[in-house]
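Please read it with the sequence and the coordinates at hand.

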Amino acid sequence: MSAYRTVVVGTDGSDSSLRAVARAGALAGACGAALVVTCAYLPTEEDERELARARDVLRDEAYQVVGSSPAEDTVRRAGEAALAAGAGEVRTVAVVGSPVEALLDVVRREGADLLVVGNRGLAGIRGRLLGSVPADATRRSACDVLVVHTTG
C-alpha cells in the first residue's frame, strides 16, 4: 500500500512554487499517487478594497492572484511541469480564495493525505498583511504537510 494516494500542491506560478510542484510531481509519481495542482485567485469582482490592497502589496506579482484566467494558465503550466517531473495522474484546479483557505478546501474535497507547499513565506510587511502560506498550512492542515525548500 502506498504511503500517499492523493497529493495536493499549491502554486502561484513563481519559480519557487514551481520547484515545489516538481518535488510533488516526483513524489506522487514514486508513490503512484494522484497529484492535484492548485492555484488560488481573487475574482475580479471581489471587494475593491481587498483587490486594491493585494495589488498594492504584491505590485508586479498581482497578476498571479487576481482573476481566473491567469490562475488557469498557472495551473496548466504547473501541471505540465509536474508530469515532466514524474507524476502519473495530474489534475489542475484554480480556486477562488486566499491561498491557505483554497489549499485546505482542495485537500478536504479531494480527500488528500499530503499537502505540499514551498517554504517561501512572504517576509516583512507582505507576510504580516497576507500571512505565511507554509506556516498557516502546516498549522491548520488535517493531513501531512511537506514543506519543500525552494529558496536559496
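Which pattern does the protein follow when it is read along the sequence? In this predicted model, the order of the elements along the sequence is β-α-β-α-α-β-α-β-α-α-β, and the secondary structure comes to six helices and five strands.

**Overall burial and contacts**

- The protein has 152 residues, of which buried residues make up 44%.

**Nonpolar cores**

- The largest nonpolar core has 21 residues, and those with the most contacts inside it are Val-7, Val-9, Ala-24, Leu-35, Val-37, Ala-82 and Val-116.
- At least two residues of this core are supplied by each of the strands β1 (6-10), β2 (34-41) and β4 (114-118) and by each of the helices α1 (15-31) and α3 (68-84).
- Ala-24, when its neighbours within four places in sequence are left aside, is in contact with Val-7, Val-9, Leu-35 and Val-116, each of which is also listed with Ala-24 among the residues with the most contacts inside the largest core.
- A second, separate core has 16 residues, including Val-95, Leu-103, Leu-104 and Ala-137.

**The α4 and α6 helix pair**

- The crossing in which α4 passes α6 is right-handed.
- On the α4 side the contact is made by Pro-99, Val-100, Glu-101, Leu-103 and Leu-104, and on the α6 side by Val-133, Asp-136, Ala-137 and Arg-140.
- Sorted by class, this contact of α4 with α6 has six nonpolar and three charged residues, with no polar ones.
- Leu-103, Leu-104 and Ala-137, which take part in the contact between the two helices, are also included in the second core.

- Glu-101 is found in helix α4, and its relative accessibility is 37%, so Glu-101 counts as partly exposed, a class that lies between the cut-offs of 20% and 50%.
- Glu-101 and Asp-136 are 35 residues apart along the chain, while their C-alpha atoms are separated by 9.4 Å; both residues belong to the contact between α4 and α6.

Key. Residues numbered from 1 in each chain as written. Predicted model: local features only at pLDDT ≥ 70, side-chain atom pairs only at ≥ 80, totals over all residues. Heavy atoms only, no water. Left-handed = near helix turned anticlockwise from the far one by under 90°. Helix = DSSP H or I, 4+ residues; strand = E, 2+ residues; numbered from the N terminus. Contact = heavy atoms within 4.5 Å. Nonpolar A, V, L, I, M, F, W, Y, C, P; charged D, E, K, R; others polar. Core = buried A, V, L, I, M, F, W, Y, C linked by side-chain atoms within 4.5 Å. Buried < 20%, exposed > 50% of the residue type's maximum accessible area, 1.4 Å probe, protein only.
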